[in-house]
Amino acid sequence: MKLRNLLGSAALGVGALAALNTGLRYEGELESPLDGDDGVFRWRGMDVAYTEAGDPDDPDLVLLHGINAAGSSGEWRAVFDDLAADYHVIAPDFPGYGRSDRPPLRYSAALYEDFVHDFLAAFDEPAVVASSLSAAYAVAATDGDGEDGVELRGFVAVCPTATAGPSPAKGWLRELLRAPLVGRALFNAITAKPSIRYFNADHGYDDPANPSAEWTDYEWRTTHVENARFAPASFVSGTLNSEVDLAAALADLDVPPTIVWGREATVSPLTEGRELADAADARLVVFDRARLLPHVEHPDRFVETVEEALVAGATA
């Protein structure tokens with residue numbers, strides 16, 4: 001009798017957890033957070049969503065969002081329109097994120113480096129602005145002997161890093177988050193609105209009031225669509241860390257790189273930015289009262305910084 005009661009309670013608990021997971025799923029259509037024309041880049045059987053704006057005859061500028069639990073092209077929402085005044089701006093959602101397809105793959109840095117290479121290769125000498133881990137993927141895409149590497153017109157990296165998760169990677173953690181019942185429950189906890197607010201205030205923004213309620217709601221929705229947890233599972237476990245030597249790759253670029261850093265950043269402190277800039281012989285621009293997202297907190301100055309960097313790249 002006791003065993004029967006125990007099994008019955010366990011079954012009820014599993015059923016309740018499954019019902020809770022299902023109830024937290026976002027079933028609506030995820031709209032683009034950027035004002036522009038929506039497009040699809042077909043890649044390895046996946047539809048990769050992007051938004052573009054500006055005159056197609058202007059120089060191409062690709063914006064690569066950072067990789068985290070709630071990553072999307074919406075990271076560029078504060079600067080997208082202003083950059084489109086002078087450039088043909090294209091902002092994709094990485095596979096597994098945003099409005100792109102999210103198959104239950106075991107996402108890896110190699111996969112994303114290949115994606116960035118192929119996406120950039122679709123344009124003629126694009127300039128790139130990349131955030132966090134995507135900066136490592138972008139410089140990896142330029143590595144080659146002239147045949148495989150993508151040529152860039154300019155490069156700006158925001159708090160760039162090749163390591164944003166545990167190193168060495170923890171494969172068990174990735175598999176735990178991929179688990180159909182417990183994994184979904186854990187990911188739902190990590191991406192609950194209070195958790196999103198905490199991570200934004202603790203890591204992303206110097207001013208915790210900066211992300212609007214509407215943006216927090218969008219981050220919640222983008223983390224609660226079907227299969228939302230699979231790419232972040234690889235991020236949290238460290239399996240999206242790149243093996244690229246970031247300083248050496250930046251130094252090898254054919255255009256002078258610019259590194260942007262928030263003075264108050266704690267996850268990637270400014271000391272790391274100074275060391276990276278010195279090792280790569282790169283220009284370092286420090287934004288006061290900013291953490292990992294200076295382009296959101298100080299959009300006007302960021303746009304000016306990008307324009308200065310791209311002019312310098314064009315005359316290099």
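User: How many helices and strands make up the secondary structure of the chain?

Analyst: The model is a predicted one. Along its principal axes, the C-alpha trace of the chain spans about 80 × 40 × 40 Å. The secondary structure of this chain comes to 13 helices and eight strands.

User: What is the radius of gyration of the chain, and what does the globule rule give for 316 residues?

Analyst: The chain, with its 13 helices and eight strands, can be compared with the globule rule for 316 residues, which gives 20 Å. The computed value is close to that, so the chain is as compact as a globular protein of that length. The radius of gyration is 20 Å, against 20 Å from the rule.

User: What percentage of the residues in the chain is buried?

Analyst: A residue counts as buried when its relative accessible area is under 20%. The chain exposes about 14000 Å², of which carbon and sulfur atoms supply 51%. Of the 316 residues in the chain, the buried share is 51%.

User: Which residues have the most contacts inside the largest nonpolar core?

Analyst: The largest nonpolar core has 79 residues. Helix 3 supplies the largest share of this core, seven residues. Apart from this core lies another, of six residues, among them Trp-215, Tyr-218, Leu-293 and Val-296. Within the largest core, the residues with the most contacts are Leu-61 and Phe-155.

User: Which residues is Leu-61 in contact with, leaving aside its neighbours within four places in sequence?

Analyst: Contact here requires heavy atoms within 4.5 Å. Among contacts in the chain between residues at least 6 apart in sequence, 77% join residues at least 24 apart. For Leu-61, with those neighbours set aside, the partners are Leu-83, Tyr-87, His-88, Val-89, Ile-90, Ala-127, Val-128, Val-129, Val-306 and Leu-310.

User: What covers the buried residues of helix 4?

Analyst: Helix 4 spans residues 134–141 and is mostly covered, with seven of its eight residues buried. The buried residues are Ser-134, Ala-135, Ala-136, Tyr-137, Ala-138, Val-139 and Ala-141. The cover includes strand 3 (60–64), helix 3 (109–120), strand 5 (127–131), strand 6 (154–158) and helix 10 (246–251).

User: Why is helix 8 described as largely enclosed by the rest of the structure, and which residues of helix 8 are buried?

Analyst: Helix 8 runs over residues 213–222, and seven of its ten residues are buried, so it is largely enclosed by the rest of the structure. The cover over these buried residues includes helix 7 (193–204). The buried residues are Trp-215, Thr-216, Tyr-218, Glu-219, Trp-220, Arg-221 and Thr-222.

User: Is Arg-221 buried or exposed, and what is its relative accessible area?

Analyst: The limit for a buried residue is under 20% relative accessible area. Glu-31, a salt-bridge partner of Arg-221, counts as partly exposed at 38% relative accessibility. Arg-221 falls below the limit and is buried, with a relative accessible area of 12%.

User: Which residues form a nonpolar patch on the surface, and what is their accessible area together?

Analyst: Helix 5 (171–178) and helix 6 (182–190) each supply at least two residues of the patch. Val-182 is found in helix 6 and is partly exposed, with a relative accessible area of 42%. The patch is formed by Trp-172, Leu-176, Val-182 and Leu-186, with an accessible area together of about 370 Å².

How values were computed: Residues numbered from 1 in each chain as written. Predicted model: local features only at pLDDT ≥ 70, side-chain atom pairs only at ≥ 80, totals over all residues. Heavy atoms only, no water. Buried < 20%, exposed > 50% of the residue type's maximum accessible area, 1.4 Å probe, protein only. Helix = DSSP H or I, 4+ residues; strand = E, 2+ residues; numbered from the N terminus. Patch = residues over 30% accessible without salt bridge, like charges linked within 9 Å, V, L, I, M, F, W, Y side chains within 5 Å. Areas by Shrake-Rupley, 256 points an atom, 1.4 Å probe, with all protein chains shown as cover. Salt bridge = Lys/Arg side-chain N within 4 Å of Asp/Glu carboxyl O. Core = buried A, V, L, I, M, F, W, Y, C linked by side-chain atoms within 4.5 Å. Rg over C-alpha atoms; globule rule 2.2 N^0.38 Å.
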